[in-house]
Amino acid sequence: MPPIPPLFALSIEPNGSIICTQPSPKVYLLTFQSPPDNRTTPAFCTTFSLALDIIEHKYPRGVVVTTSAIGKFYSNGLDYKNAIKTKGFMQDYLYPLWRRLLTYPMPTVALINGHAFAAGFMTAMFHDYRIMNPHKGFLCLNELDFGAPLKPPMASIFRQKLPRPETYRTMILESKRFKALEALREEIIDGVGGWEETKTFIEELKLVGKGESGVYGRLKEEMWRETVALLDQDEKVAQDYEDGRMTASQARAEDALKVVQEWEKDGWAGRPKL
């Protein structure tokens, strides 16, 4: 099969790209690469968002499929150290991309070719559907392992989309790595395979025509209103909320420590000490 000519190509600084092709009528395949592992940097997020804008405004409604040209990784998540140093990273770069995907006016499918960790996994969850390579890759929220709390929209997208709380608990509190078949059983993904299986999935669900009525994005905005509201939250409001929650948590911990210290001091009327 000869190479499919691109509809357009965009650069991701410093040395990456997103290429859009149309392997089937009205099916737009966005293939990204941002070496070494497709981190969700500001440049990655803004270029990804631009690609979605171009498809919406320059081409007929259809289906958007996203995948990676780097075989090992769909996306390995944030460049965490740089993310926390970049002023407004969440509200100005990452959250706008996620909101765009979540409320996009046509169906979106993440074709997960390799590992999707942390924010990379979250990015896949903000798509409408997920198809995963059955032979390679894990899905994992590993924030527990590197000591990063989940922001409210990061937690809510899984809370809203996962059908079972046990899966949610295992995913977050155990940093479980899900292979494709297990992810399918847990209904994290919708199917397994590569491009051909994704094409068949799109055809069987008749997804190409779903965005034509013009209400598709609005329906999704209402479906996922909790997460949309959290993504839209003003940076100061979001920070005040997190600061307040942290202050309250610290106050409870300090109160509990005082109780333990009193218990150690007084022996609590003869009760055995630890």
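## Helix pair α1 and α3

The crossing of helices α1 and α3 is left-handed, a term used when the near helix is turned anticlockwise from the far one by less than a right angle. This is a predicted model, in which local features need pLDDT of at least 70, side-chain atom pairs count only at pLDDT 80 or more, and totals for chains, interfaces and linings use all residues. Residues are numbered from 1 along each chain as its sequence is written, and side-chain values use heavy atoms, without hydrogens and water.

The axes of α1 (residues 42-58) and α3 (residues 89-102) come within 9 Å and cross at roughly 35 degrees. Axes are lines fitted to C-alpha atoms, for helices over the stretch in contact, with angles from 0 to 180 degrees between N-to-C directions. Helices (H or I, at least four residues) and strands (E, at least two) are DSSP runs, numbered from the N terminus. Contact (heavy atoms within 4.5 Å) involves, among others, Phe48 and Leu52 of α1 and Tyr93 and Leu97 of α3.

## The seven-stranded sheet

Seven strands form an open sheet of mixed pairing, in the order β1-β2-β3-β4-β6-β8-β10; two strands pair if DSSP finds at least two bridges between them. Because β1 (8-12) and β10 (191-192) each have a single partner strand, one side of each is left without a neighbour in the sheet.

Strands β2 (residues 16-24) and β3 (residues 27-33) run antiparallel, joined by six bridges. Serine 17 has glutamine 33 in β3 as its bridge partner.

## The three-stranded sheet

An open sheet with parallel pairing has the order β5-β7-β9. Two bridges link β5 and β7 (residues 115-117), and phenylalanine 73 has histidine 115 in β7 as its bridge partner.
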